[in-house]
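Student: I would like to go through a domain interface and check each label against its rule.
Tutor: Then we start with the rule and end with the value.

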Amino acid sequence: MNMRKAQLYINGTWVEEPRAVEPVKNPYTGEVIGEQQLATPDDVERALASAFAAKKDIARIPAYERARILKKASMLLEERKETFARYISEELGKPLKNTLDEVSRSIETLEQSAEEAKRLFGETIPGDASARGVKAVAVTFRVPVGVVAAITPFNAPLNLICHKVGPAFAAGNTVVLKPAPQTPLIATELLKLLLEAGLPPRAINMVLGGAEVGQQIVKDDRVNVISFTGGVVASRNICALAGMKKVLLELGGNAATIVHEDADLKRAAALCAKTGYSNSGQSCISVQRIYVHESVVEPFTDLLKREVEALKVGDPLLPDTDVGCMVDERAADRVMDWIDEAIAGGATLVCGGKRRGATVEPTVLFNPPKRSKVVCEEVFGPVVSVIPYRTIDEAIAETNDSAFGLQAGLFTNRMDIVYQVAEALDVGGVVINGTSNFRLDHWPYGGVKNSGIGREGPRYAIEEMTEMKMIVWQFPQG
Ligand code: NAD
C-alpha cells in the first residue's frame with residue numbers, strides 16, 4: 001500500500017520542511033497507512049497571520065466566483081466518490097456503505113454552500129416606524145466576519161469539514177482548519193481537491209495536531225468566529241479560552257427515540273437497527289435510548305434483536321459490511337466498560353456485548369439503570385438501550401432528563417401525540433416516524449443544552465459566519 005501523507009498547508013504552500021510526524025493507522029487492521037506532520041506553535045502562528053492578512057482580499061471575491069469554485073469542488077468530489085469513501089473507511093474503520101453516504105452528503109454540502117453564496121440577502125427597513133425616522137431608510141447587507149476557525153472531529157471527517165469550509169468561503173471568509181488528529185489524511189485529500197477546484201490558496205490554512213493546536217487557534221484575537229464540532233469537554237475549554245468571540249458549537253448527545261403503542265413496530269425496529277449502529281454508533285445523533293410503550297415493548301425488542309443480529313459486522317472495506325470498528329481500541333475498551341456497568345446495575349443483555357480489537361458487536365441492552373452511563377452519557381458506540389414507559393408524559397420526561405438535547409425520534413401515527421411530544425421535547429429537532437439519526441445537510445441542525453450553540457447547514461452557518469451591516473439614508477426634510 002502507498003503510504004499517504006497528511007501535510008500542513010500554510011500561507012498558500014504545503015509545508016515540505018521536516019516536522020515531527022505521527023503514524024496514521026487503519027484501526028481495523030492496525031496497519032500503518034500514512035503519517036501526519038504535527039504543527040509547531042510557530043506554524044499555527046503563521047497560519048493565523050496568513051488568514052488574517054488575506055481576509056480583505058478573500059472578502060472582495062464576488063459571490064458568483066465563490067459559488068463557481070464550490071460548485072466545481074462538489075463536481076470533482078462526485079468524480080472521486082469511491083476513492084474518497086475508501087480513504088475514509090481505511091482511516092476510520094467506517095464501513096464503505098456509510099462512507100459512500102458521507103461522500104454523497106459532502107457533495108451536497110459543497111453544492112448547497114455554492115448556491116447559498118449567491119443568496120446573502122439583506123432587507124430594506126423604512127425609518128418611519130419611529131417619529132425620528134420619517135425621512136430615513138436603512139438597508140442591510142451580510143458581510144463576512146473575516147477569519148473562521150474550523151475545528152472538526154473524527155467521526156464524519158469529510159462532511160463536517162465541508163460544513164465549515166463550504167459556508168465560510170461562501171460567505172467570503174478565510175479559514176484556519178484544524179481537523180481531528182485521527183483523520184488527517186482525508187482532510188489533506190479534501191484540501192487538495194478544493195485547491196484544484198480553484199479555492200484561492202490564501203483562503204485556507206490547515207494545521208494538524210491535537211488539543212494544544214486547537215487551543216492556540218481559539219485563543220487568538222485574529223479569529224472572528226470559532227466553528228467547533230466535537231465533545232462537550234473540549235467545548236467548555238474552548239469557551240473559557242475564546243474571550244470575546246462568537247463560538248458555534250455542534251456537540252454530542254444521548255439521543256432518544258420514542259416508540260408509541262400505535263407505532264409500526266417493524267419499521268421502527270428496522271430503522272433503529274440501521275441508525276443505532278452505523279459507524280459503530282459514532283454519530284452525535286445515533287439512536288442510544290429507545291423508550292418503548294410497555295404494551296409493545298416485548299414484540300419490539302424481539303424485532304429489534306432480529307434486525308441487529310442480522311447486521312453484518314466485519315471488514316469496513318467490504319461492500320456489504322454494516323458495522324466496522326470503532327476509531328481505536330481505547331474507544332472500544334470504554335464502551336465495553338459501560339456495557340459491563342449497565343449489566344452489573346441490572347440491565348439485561350439482549351444481544352452483542354463482545355468485542356474483538358477495536359470492533360464492538362452491535363449491542364442491545366434492556367432496561368439499564370436510569371443513572372448508568374449508557375443512559376445518561378453519550379455512548380458514542382454501538383450500544384442501544386430499550387427502556388419501557390407507561391405514559392407518553394413519562395417518555396417525554398425521561399427523554400428530557402438529559403444534559404443533552406440534539407435530536408429525537410418518535411414513532412406514532414397519532415397527530416395529538418406528535419404535537420404533544422414535538423412541543424415538549426427540549427431538542428433541536430424531532431423526527432416523526434423516523435429515529436433521532438436523520439439529517440439532511442441543508443436543514444438547520446444543532447442542539448440545545450450541552451448539545452451546542454448555533455445551527456449548521458450551509459444557509460444557517462453562513463448567517464452565523466457573517467455580520468449584518470447597515471447603511472442608513474437620511475433624506476432632506478421637505
Ligand atoms: P473531541 O472534542 O475530542 O475533538 C474534536 C476536535 O477538537 C479535534 O480536532 C480535537 O483535536 C479538537 N480539540 C480537542 N480539545 C480541544 C481544545 N481544548 N481546544 C481546541 N480544540 C480541541 O471530539 P471527537 O472525539 O473528535 O468527536 C466526537 C464528538 O463530536 C462527540 O461528542 C460527537 O457527538 C461530537 N459530534 C457532534 C456533531 C454535531 O454536529 N453536533 C457531529 C459529529 C460529532
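Tutor: A salt bridge is a side-chain nitrogen of Lys or Arg within 4 Å of a carboxyl oxygen of Asp or Glu. The model is predicted, so local features need pLDDT of at least 70 and side-chain atom pairs pLDDT 80 or more, while totals for chains, interfaces and linings use all residues. Residues are numbered from 1 along each chain as its sequence is written, and side-chain values use heavy atoms, without hydrogens and water.

Student: How many salt bridges does the rule find across the interface of domain 1 and domain 2?
Tutor: The rule finds 1.

Student: Why is the pairing of Lys 97 and Asp 322 called a salt bridge?
Tutor: Their side chains meet at 2.6 Å, N to O. The limit is 4 Å for a Lys nitrogen and an Asp carboxyl oxygen, so the pair qualifies.

Student: What makes up domain 1 and domain 2?
Tutor: The assignment, which is automatic or from a database, gives 2-250 + 450-468 for domain 1 and 254-430 for domain 2. Their centres, over C-alpha atoms, are 31 Å apart. In contact (heavy atoms within 4.5 Å) are 18 residues from domain 1 and 27 residues from domain 2.

Student: What area is buried between domain 1 and domain 2?
Tutor: About 1900 Å², with 60% from carbon and sulfur atoms. Buried area is the accessible area (1.4 Å probe) that two parts lose on being put together, summed over both. In domain 1, Tyr 28, Lys 97 and Ser 451 lose the most to domain 2, together 30% of what that side buries.
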